[in-house]
Amino acid sequence: MLQAALADGTAHRRSVFELFARRLPDGRRYGVVAGVNRLLDALERFRFDAATVEFLRERGVVDQATCDWLAGYRFSGDISGYADGEIFFPGSPVLVVESSFAEAVLLETVFLSILNHDSAVASAASRMTWWAGGRPCIEMGSRRTHEEAAVASALAAYIAGFATTSNLEAARRFGIPSAGTAAHSFTLLHDTERDAFVSQVDALGKGTTLLVDTYDLTEAVRTAIEVTGTELGAVRLDSGDLPSLAGQVREQLDALGATKTRIIVTSDLDEYQIAALAPASVDGYGVGTSLVTGSGYPTCGFVYKLVAREDGDGTMVPVAKKSPDKISIGGRKYALRRRNRLGVAEAEVIGVGEAPVDDGDDRVLLRSLVESGKIVGRTTPEESQAHHLKVRDELPRSASQLSRGEPAIPTDYTGDLNTRNPYAPRSTM
């Protein structure tokens, strides 16, 4: 596309690309944006160095003129978008890229790969932390995904409310808190379970977390308190009927005087199991596989589409796909979250060609991320997490439901809309 557009002169036409999802995964009431800061880092590094250009030339992927253009590539346009931690709905203009066609079209794959992955993890993580109800969640999914995806997943989970990660590279790279527990192999290494507990406590102190279900659970809890007294930080349960076992262990700990010892549960948890554990004697959750795979939806279905471009006369005109089931809405978008006087979200209002009117209680969603090629919109992980927890509280309570249903709020359009809303919920009649 780039080679052809450079040759025919259209490569330098002003263009607007938007990244959005046509629908939410089946049964989800909202989605969570994550990966924006990683995207900005990737954009800053996005270059075609001499070795890359030579590869393209040797393979005949593109011609010499295109190679020359790529060698000097620097994004010089503007990007606005939703912040890390923001909520999105069908049609939300999560990212708006304004530049020449040539500069913007090259960014499609890197932008989609980052936001589709990270937002899928964050969307699952938000449901988990919502149902955890203030009990801390530990991200423990590194062994269930690609090594770099594991680092990105840890950050996405933190943005959506997870307290800590077991991935130390994520802690080093992003500064997010880390935590972890011992594995069954550590207990099996020692001649007795008591020896393993003594070794761990001697090395890490009585505030550590002991894994108590390698052999006999009741005996392990008794041994743990004999080794530490009543000052043991926590015990971890990793198998079995967790609600029942957590109650049993809580009773035993209390009877032994360890009333402040916490109970952490793991074992392939997802948001449904966390919800089921809400009444149980559980103080925290370790979540792995379901988290890093988006709890059944490893992508958000984000697409990156041209919605406006300069014509031969220099006038910006809207453009859109008409393909069945893949219709898009032409024209540059603006978005706000309509809220009632109590601050509860009522609709995702998207203006086509012009900003929708704020009725006084609304919140503008798009913020400047890149201006004339300069990155201006970075946030810290702590800021992103705080933003997510704040905007999630705007949603109606129905948004937390795990049963199948429509998005928590509708997407409404204003302005020059020449087609019906293609992202409206489909009738089941």
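Strand β15 (residues 345–352) pairs with β19 in the parallel sense over five bridges; two strands count as paired if DSSP finds at least two bridges between them. Helices (H or I, at least four residues) and strands (E, at least two) are DSSP runs, numbered from the N terminus. This is a predicted model, in which local features need pLDDT of at least 70 and side-chain atom pairs count only at pLDDT 80 or more, while totals for chains, interfaces and linings use all residues. Residues are numbered from 1 along each chain as its sequence is written, and side-chain values use heavy atoms, with hydrogens and water left out.

**The four-stranded sheet**

- β15 and β19 belong to an open sheet of four strands, with the order β16-β14-β15-β19 and mixed pairing.
- β16 (363–364) and β19 (411–415) stand at the edges with a single partner strand each, so one side of each has no neighbour in the sheet.
- Strand β14 (residues 333–339) pairs with β15 in the antiparallel sense over seven bridges. Here Leu336 has Val349 in β15 as its bridge partner.
- β14 and β15 form a hairpin with five residues between them, and Gly343 in the turn has a positive phi of about 85°.
- β15 is mostly covered, as seven of its eight residues are buried. Buried means under 20% relative accessible area, exposed means over 50%, and partly exposed lies in between (1.4 Å probe, protein chains only).
- In a regular strand the side chains alternate between the two faces of the sheet.

**Strands β3, β17 and β18**

- Strand β3 (residues 78–81) and strand β17 (residues 367–371) pair in the antiparallel sense over three bridges. Gly81 has Arg367 in β17 as its bridge partner.
- β17 also runs antiparallel to strand β18 (residues 374–375), and two bridges join them. In this pairing, Glu371 is bridged to Lys374 in β18.
- β17 and β18 form a hairpin with two residues between them. Ser372, in the turn, has a positive phi of about 50°.

**Nonpolar cores**

- The largest nonpolar core has 59 residues, of which Val212, Leu237, Val265 and Tyr285 touch the most other members. Such a core is a set of buried Ala, Val, Leu, Ile, Met, Phe, Trp, Tyr and Cys residues joined through side-chain atoms within 4.5 Å.
- Val265 touches Leu237, Leu242, Leu277, Val282, Gly284, Tyr285 and Gly286, leaving aside residues up to four places away in sequence. Contact here means heavy atoms within 4.5 Å.
- A second, separate core holds 55 residues, including Ala21, Tyr82, Tyr304 and Leu366.

**Aromatic rings**

- The structure holds nine aromatic pairs. Rings of Phe, Tyr and Trp (its six-membered ring) pair if their centres lie within 6.5 Å; planes under 30 degrees apart count as stacked, over 60 as edge-to-face and the rest as tilted.
- The ring centres of Phe17 and Phe101 are 5.9 Å apart and the planes are at 40°, so this pair is tilted. It links distant parts of the chain, with Phe17 in strand β1 (residues 14–21) and Phe101 in helix α5 (residues 101–105), 84 residues apart.
- Phe17 is buried, at a relative accessible area of 5%, and Phe101 is buried at 16%.
- The rings of Phe88 and Phe302 are also a tilted pair, because their planes are at 50°, with the centres 5.0 Å apart. Phe88 in strand β4 (residues 87–88) and Phe302 in strand β12 (residues 302–310) are 214 residues apart, so this pair too links distant parts of the chain.
- Both Phe88 and Phe302 are buried.
- Phe17, Phe101, Phe111 and Tyr304 form one aromatic cluster.
- Arg332 lies over the face of Tyr334, at 4.1 Å from the ring centre. A charge sits over a ring if NZ of Lys or CZ of Arg is within 6 Å of the ring centre and within 35 degrees of the ring normal.

**Cysteines**

- The count of disulfides comes to zero, where a disulfide is a pair of cysteine sulfur atoms within 2.5 Å.
- Cys137 is in no disulfide, and the nearest cysteine sulfur, that of Cys300, is 19 Å away.
- Cys137 is buried, with a relative accessible area of 1%. Cys67 also counts as buried, at 1% relative accessibility.
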